[in-house]
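The following note is intended for a colleague who is opening this structure for the first time. Please keep the sequence and the model in view while reading the numbered points.

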Amino acid sequence: NLKYIFKKWNKIENIFSVPNGIKPEIRFEKRHLNGRLPVLFFFGNLYKFKGLMLALDVLEIIKKHYPNIKMNIAGNWGYDWYYNLSQNKMKEIFFNAIKKKNLSVNINFIGPAYDKDKVDLLINSDILIYPTYMDGFPIVLIEAMSAGCPVVTAKMVGAISEVVLNNETGFFAGAPSRRAPREPRGRGCR
């Protein structure tokens with residue numbers, strides 16, 4: 001899906017991609033919910049364009065049916081260049097939304113997660129909610145799938161449709177059931 005980026009240097013038919021993958025750091029056990037609700041998680045840079053606010057919307061909708069649902073949120077704050085939001089402004093928007101949507105008891109905010117913290121996040125979470133607006137090939141998708149977690153993404157962006165197979169390894173909310181590459185509009189955002 002990203003071949004168009006390189007067409008100014010070579011013909012599309014001469015461009016090929018090499019499948020990517022990761023070797024899991026640990027062997028994950030098969031997941032058993034044993035009657036409990038699944039734990040949702042968002043893991044990535046904490047920017048609006050990564051879908052952070054949409055993840056809160058998803059949690060709010062699910063909470064209407066399952067008031068005790070939990071979501072782990074992990075990642076780094078920074079400047080959201082796409083929406084021109086400073087780190088402090090993004091934090092303000094995020095924490096105000098949590099308060100307004102009454103989600104404080106449903107969220108476990110982890111902050112940055114590396115090494116053991118990242119493995120713990122993957123072990124203690126069940127479904128990745130990653131509704132990014134703009135990405136190329138987000139490694140978090142294959143990290144989650146390597147841990148046995150399905151992913152839910154709201155947009156077919158970049159190479160996501162080549163990583164997530166709808167209704168097999170995850171779900172595209174509101175997307176067609178088969179992958180269909182499309183030319184990007186604007187600055188690569190769909």
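1. A charge over a ring. K48 lies over the face of Y83, 4.6 Å from the ring centre. A charge counts as sitting over a ring if NZ of Lys or CZ of Arg is within 6 Å of the ring centre and within 35 degrees of the ring normal. Y83 itself is partly exposed, with a relative accessible area of 31%; buried means under 20% relative accessible area, exposed over 50%, and partly exposed in between (1.4 Å probe, protein chains only).

2. Basis of the values. The model is predicted, and local features need pLDDT of at least 70, side-chain atom pairs count only at pLDDT 80 or more, and totals for chains, interfaces and linings use all residues. Residues are numbered from 1 along each chain as its sequence is written, and side-chain values use heavy atoms, with hydrogens and water left out.

3. Overall architecture. The protein has 5 helices and 6 strands, where helices (H or I, at least four residues) and strands (E, at least two) are DSSP runs numbered from the N terminus. Their order from the N terminus is β-α-β-α-β-α-β-α-β-α-β. Of the 190 residues, 39% are buried. Among contacts with a separation of 6 or more, 65% join residues 24 or more positions apart; a contact means heavy atoms within 4.5 Å.

4. Aromatic pairs. How many aromatic pairs does the model contain? The count comes to 13, with rings of Phe, Tyr and Trp (its six-membered ring) pairing if their centres lie within 6.5 Å, and planes under 30 degrees apart counted as stacked, over 60 as edge-to-face and the rest as tilted. One of them is the tilted pair of W77 and F95, at 6.0 Å centre to centre with 45° between the planes. This pair links distant parts of the chain, W77 being in the loop between β2 (70-74) and α2 (87-100) and F95 in helix α2, 18 residues apart. W77 counts as buried at 17% relative accessibility, whereas F95 is partly exposed at 39%. Y82 and Y83 form an edge-to-face pair, 5.1 Å centre to centre with 75° between the planes. Y82 is partly exposed, with a relative accessible area of 25%. Both tyrosines belong to one aromatic cluster formed by Y47, F49, W81, Y82, Y83 and Y133.

5. Strands β1 and β2. These two strands pair in the parallel sense over 5 bridges, pairing being assigned if DSSP finds at least two bridges between strands. V39 stands opposite K70 in β2. Strand β2 is mostly covered, with 4 of its 5 residues buried.

6. Residue D126. Leaving aside residues up to four places away in sequence, D126 touches R31, L33, R36, L37, P38, V39, F41, C149 and P150. Its side chain makes a polar contact of 2.7 Å with that of R36; such a contact is a pair of N or O atoms within 3.5 Å, where within protein one must be able to donate a hydrogen and the other to accept it, and residues adjacent in sequence count only if both atoms are side-chain atoms.

7. Helix α4. The buried residues of this helix (residues 139-146) are V140, L141, I142, E143 and A144. Their cover includes β1 (39-43), α3 (115-123), β4 (127-129), β5 (151-153) and α5 (160-163). Just after α4, G148 takes a positive phi of about 85°. G148 and D126 are 22 residues apart in sequence and 7.9 Å apart in space, C-alpha to C-alpha.
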